[in-house]
Amino acid sequence: MKRRKMVVAAGFCLSFFTGTLMNLLFIPGFEHHGERVHRHHHENQKPDADAPVGLRVDELPPVETATVGRLPELQRQIRERLDEILRYRQTRAHWVGTGPLERRRLMDLEPRSEWEVYKGIGKNNNYEQSQPTPAVSIATKSHREFTRESVLGCSSIDNVTNVQYLGSGYTKAVYKATINSSFSVALKSVDFGGHDMENCVKKYGSSTDCYKLASFKIVKEMTLMERLQHPNILKLYGYCYQDNNDIKDTVTAITELGSPLEMIQLLQTPWEERFRICLSLMRLLHYLARSPLGSVTLLDFRPRQFVLVEGVLKVTDLDDASVEETPCSLSSPSDCLMVFPARNFTLPCHKGCCEGINEKRNLYNAYRFFFTYLLPHSAPSALRPLLDKIVNSTGELIWGTDETLVHLEKVLDIYRNGQYLKNNTQTHKAEYKCVSEASIAAENYRCWPSYQHDGCLLSVFSVDEAIEVCESHAQCQAFVMTNQSTWTGHQLVLFKTGAASMTTAPGKLTYIRLGAAES
């Protein structure tokens, strides 16, 4: 039996690594830079307490300047990126924002001339005068109170502590920081040593204009975070403009902090947590398919673009998101060809656009990066047929986001209500003695997957399921029903090799295996 389990585990690991390698070979990667570059960038980037806390993008240089004359291509790219931000701001949403950022009209960018002049709203509105100054220190506020009542700016990050470099991509560097010794946030800024800046400066020789081009990615991301309000999109807490490296008004976004996804670690977590990630992702994609801005596609769709916040999946990088529909003509079917490493799809052309291409691209990427690895593996046996159907239907693009979400919510309902358990009328193999207000301190053994690395901590729907689990483990002679539960309401149970170290523990129940039950 052990040999068979080892063969199955080895086969799964081989298929996972092969599939991951196939995916990664055909998508661009991010270049990582040494911590020395980022530490130097952070040390030189000292917030200016007097800087206006308003999102502003300075007026683009006039066409007749020498810079524009030398660099028409760079200026064209800047204007295109700027125009994209404008379109997101001018698209009328189907809701009215009520949060502090919306009340303050953050990123309320309006065209003032042909070159879309932007002015800071910090000096142009009376928000500071009309809102009372909070009397409670932000150090004593909860996250919810803090983000509901306050907007973070330069003064908020003037004296941050515990600054830690987290990583970088083509454009941005990301840091973890603590505000007032209590509130942890992520700080995103343009990486001066990153791929985008280095290549641009080498090609055009203008660090100021290259920074402007790169910074518009951050501005775009902040704009989308404001317009796309959803539990599975990272929260924007605020931003700061400051002078740095001889460049005026460098921008830093202040966002919610999450932990990066590590796929290898996720494969070792209980199925319930992996299912939660897939459900979170599907709820996000369902929203993006019909967002206030239209159908949004994540062009750079990979696990590293997402983070976990208290077990919930959230997208953190939106600078490569797009609402553009792919144009097409009925006479050219190749216009609507979607190319992926393993296979291609051709979508119908409808009214001059590829029908559902943004939604379908997101869905297939969810299949190849998440569902195929995280959904079926170690799931309850009664749920596997439905999960296999979800994986196969998304892999073939048979379903859209509506159908896929309906089926995932159905799985959640079945699991949450214990309907996945077998209608077992047979008696248990052994009898069990229940001891109230008790736990077992030691006598642990390892099982997989477990919520606890040095023990066997699993979630169950009921005591009967806990007994079934115990009887399926040769080592199990007792188990403790804890007073903790998972996000689905299942109870966490510690399985033990014996009960010699039993101690008093309020709120817990210990079941001790006595012997074989009479037939």
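How do E6 and strand E8 pair, and over how many bridges?

1. Basis. This is a predicted model, in which local features need pLDDT of at least 70 and side-chain atom pairs count only at pLDDT 80 or more, while totals for chains, interfaces and linings use all residues. Residues are numbered from 1 along each chain as its sequence is written, and side-chain values use heavy atoms, with hydrogens and water left out.

2. The five-stranded sheet. Five strands make an open sheet with antiparallel pairing, in the order E1-E2-E3-E5-E4. Helices (H or I, at least four residues) and strands (E, at least two) are DSSP runs, numbered from the N terminus; two strands pair if DSSP finds at least two bridges between them. At the edges are strand E1 (161–168) and strand E4 (236–244), each of which pairs on one side only. From one strand to the next the twist averages 25°. E1 is joined to strand E2 (residues 172–179) by five bridges, the two running antiparallel, and Gly167 is opposite Val174 in E2.

3. E5 is mostly covered, with eight of its nine residues buried (buried is under 20% relative accessible area, exposed over 50%, partly exposed in between, with a 1.4 Å probe and protein chains only). E3 and E5 run antiparallel and are joined by four bridges; Ser189 is opposite Thr252 in E5. E4 and E5 also pair in the antiparallel sense, over seven bridges, with Asn244 opposite Ile247 in E5. Helix H9 (residues 207–227) packs on the sheet and touches E2, strand E3 (183–190), E4 and strand E5 (247–255). The direction of H9 makes about 25° with that of E5. Axes are lines fitted to C-alpha atoms, for helices over the stretch in contact, and angles run from 0 to 180 degrees between N-to-C directions.

4. The three-stranded sheet. E6 and strand E8 (residues 306–309) pair in the antiparallel sense over two bridges, and Pro260 is opposite Val307 in E8. They belong to an open sheet of three strands in the order E6-E8-E9, with antiparallel pairing. Its edge strands are strand E6 (259–260) and strand E9 (312–315). H11 lies across E8 and E9, at about 40° to E9.

5. Helices H11 and H12. The axes of H11 and helix H12 (residues 357–374) come within 11 Å and cross at roughly 180°. H11 and H12 are therefore roughly antiparallel to each other; angles under 35 degrees count as roughly parallel, over 145 as roughly antiparallel, 65 to 115 as roughly perpendicular and the rest as oblique. Residues in contact (heavy atoms within 4.5 Å) include Trp271, Leu281 and Leu285 of H11 and Asn362, Phe370 and Leu374 of H12.

6. Cores. A nonpolar core is a set of buried Ala, Val, Leu, Ile, Met, Phe, Trp, Tyr and Cys residues joined through side-chain atoms within 4.5 Å. The largest has 90 residues, and those with the most contacts inside it include Leu281, Phe301, Phe306 and Leu374. Helix H11 (residues 271–289) gives the largest share, eleven residues. At least three residues come from each of domain 1 (154–257) and domain 2 (260–421), with bounds from an automatic or database domain assignment. Not counting residues up to four places away in sequence, Leu374 touches Met263, Leu266, Leu267, Trp271, Arg274, Ile277 and Cys278. A second, separate core of 17 residues includes Tyr432, Cys456, Ala466 and Cys476.
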